[in-house]
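This briefing looks at aromatic pairing, helix packing and the nonpolar core of one protein model. Please read it alongside the sequence and the 3D view shown here.

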Amino acid sequence: MSVASVYPLYVAKVERKGRSQAEVDEVIRWLTGYDDAGLRRVLDDEVDYATFFAQAPHLNPNVGLITGLICGIRVEEIEDPLMQKIRWLDKLVDEVARGKKMSSILRGGAAS
């Protein structure tokens, strides 16, 4: 599955709750280290999730602070590395949609 196929769903989810596409981009950049141009390239090229994460400039060192439930499963207990990364992203987008402060979503850090 390509990131580009899910990205509009992330954006629609947060926009329904009064948040913005820019905030979705910010959490993606924070998690993966992609810059704006890199993120656009990934979306334009319809890169799949495995490639998206494999080619990410760097995962944020604070990813271990992403905890909680997503789809009824604790993200910190997911054993498959790729699925855990996907669920980390889902969790961050959910937090944006729920209206959490960006400083909290980014675990006290700033976007990369």
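The structure holds four aromatic pairs, where rings of Phe, Tyr and Trp (its six-membered ring) pair if their centres lie within 6.5 Å, and planes under 30 degrees apart count as stacked, over 60 as edge-to-face and the rest as tilted. In Tyr49 and Phe53 the ring centres are 6.3 Å apart and the planes lie at 20°, so this pair is stacked. This is a predicted model, in which local features need pLDDT of at least 70 and side-chain atom pairs count only at pLDDT 80 or more, whereas totals for chains, interfaces and linings use all residues. Residues are numbered from 1 along each chain as its sequence is written, and side-chain values use heavy atoms, with hydrogens and water left out.

**Aromatic residues**

- The rings of Phe52 and Phe53 have centres 4.9 Å apart and planes at 75°, so they form an edge-to-face pair.
- Tyr49 and Phe53 are separated by about one helical turn, because they stand four residues apart in helix α4 (residues 49-54); helices here are DSSP runs (H or I, at least four residues), numbered from the N terminus.
- Phe52, at 0% relative accessibility, counts as buried, and Phe53 counts as buried at 6%, where buried means under 20% relative accessible area, exposed over 50% and partly exposed in between (1.4 Å probe, protein chains only).
- One aromatic cluster is formed by Tyr34, Tyr49, Phe52 and Phe53.

**Packing of α1 and α3**

- Helix α1 (residues 3-16) packs with helix α3 (residues 36-44) at an angle of about 115°, their axes being 8 Å apart; axes are lines fitted to C-alpha atoms, for helices over the stretch in contact, and angles run from 0 to 180 degrees between N-to-C directions.
- Val3, Ala4 and Tyr7 in α1 meet Arg40, Val42 and Leu43 in α3, contact meaning heavy atoms within 4.5 Å.

**Nonpolar core**

- The largest nonpolar core has 35 residues, and those with the most contacts inside it are Val27, Leu31, Tyr49, Phe52, Ile66 and Leu89; such a core is a set of buried Ala, Val, Leu, Ile, Met, Phe, Trp, Tyr and Cys residues joined through side-chain atoms within 4.5 Å.
- At least two residues of this core come from each of α1, α2 (21-32), α3, α4, α5 (81-97) and α6 (102-105), and α5 gives the most, with seven residues.
- Leaving aside neighbours within four places in sequence, Tyr49 is in contact with Met1, Ser2, Val3, Val6, Tyr10, Leu82, Ile86 and Leu89.
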